[in-house]
Amino acid sequence: MDARNDDGTTLELPSDREILITRSFAAPARLVFEAISKPEHVRRWWAPRSLGVSLVVCEIDFRVGGRWRYVMQRNGENLPSFSGSFLEIQPPTRTVQTEVFEPFPDGGAQVTVTLAEADGKTTMSNRSVYPSQEVRDAVIASGMEKGMRESMRQLTEVVASLA
Amino acid sequence: MVETFAALGEASRLRIVELLRAGPRPVGEIGERLGLRQPQVSKHLRVLKQAGLVEMQPRAQQRLYELRAAPLRELQGWLERYRALWDARFVALDDVLDELKTKEKVAHGRKK
């Protein structure tokens, strides 16, 4: 895993229940839109090989009401899935979709992706609003290395004990 | 980490942490600045102390509460790793986009 400092990927937590990720791409919005909505492309970037993960399930029924489902694998072990359905599709500038993280089947997030093109470059912003801070934090923990996944289990237990 | 998030997940406690970033303060002053009654402040400080976010230092007649950086740094690291996951995704997405651009150019060239 190489450490890049010039990447320009920003992560913000605008509120207790939100994650906002922003990044600029050297491509027009229509190509970015294609790359984030077609499974043959998503397969190649959503589970980065540089982090030792692969995408073993990538299903996208790209229409309003259609469902999507992704499963990552690390060291031969499937990680909890992310899935949901599309609420809004406005090519090539905006999609709104629900996202359910498997450990929290009752707590769906709403994810709004917007693409803004200027001078041939496209800025993507990905705003996720989670039903609770616990779910948001568990999602943050889902991308973590082994030790961090332990935290996620603990979070799952904490949430279970609150229910 | 769970404890840090839980401790910071309450508005008054987050405000206490923000206030203490400027330096250690006694309970009374924290209450005054944030418009909270002393028992409330003490209760919040207890939670923050349990999470390792603040430390009490006796100084002369006063008990000063001071922020501890370690858990906040840990939280920062946790977020940084999540950011790095997305960054790794986007580096891979850059490659996909390069390919799509090339394909488009080739297709455009053929049309001519």
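**Helix H4 of chain B**

H4(B) is followed by B:Gly52, whose phi is positive, near 75°. Helices are DSSP runs of H or I with at least four residues, strands are E runs of at least two, and both are numbered from the N terminus. This is a predicted model, in which local features need pLDDT of at least 70, side-chain atom pairs count only at pLDDT 80 or more, and totals for chains, interfaces and linings use all residues. Residues are numbered from 1 along each chain as its sequence is written, while chains are lettered from A and ligands numbered from 1 in the order in which they are written.

H4 of chain B comprises 13 residues (38–50), and its first and last C-alpha are 18 Å apart, close to the 18 Å expected at 1.5 Å a residue (1.5 Å times one less than the number of residues). Its buried residues are B:Val41, B:His44, B:Leu45 and B:Leu48; buried denotes 20 or more other C-beta atoms within 10 Å of the residue's own, exposed 12 or fewer, with C-beta atoms placed from the backbone. Seen down the axis of H4(B), the buried residues fall within an arc of 105°, so they line one face of the helix; the arc is taken over directions from the helix axis to the C-beta atoms. On the other side of H4(B), B:Pro39, B:Arg46 and B:Gln50 are exposed.

**Domains of chain B**

An automatic or database assignment divides chain B into domain 1 (2–67) and domain 2 (70–112). Their C-alpha centres lie 40 Å apart.

**Chain A**

Chain A has four helices and nine strands, in the order β-β-α-α-β-β-β-β-β-β-β-α-α from the N terminus. Of its 163 residues, 27% count as buried.
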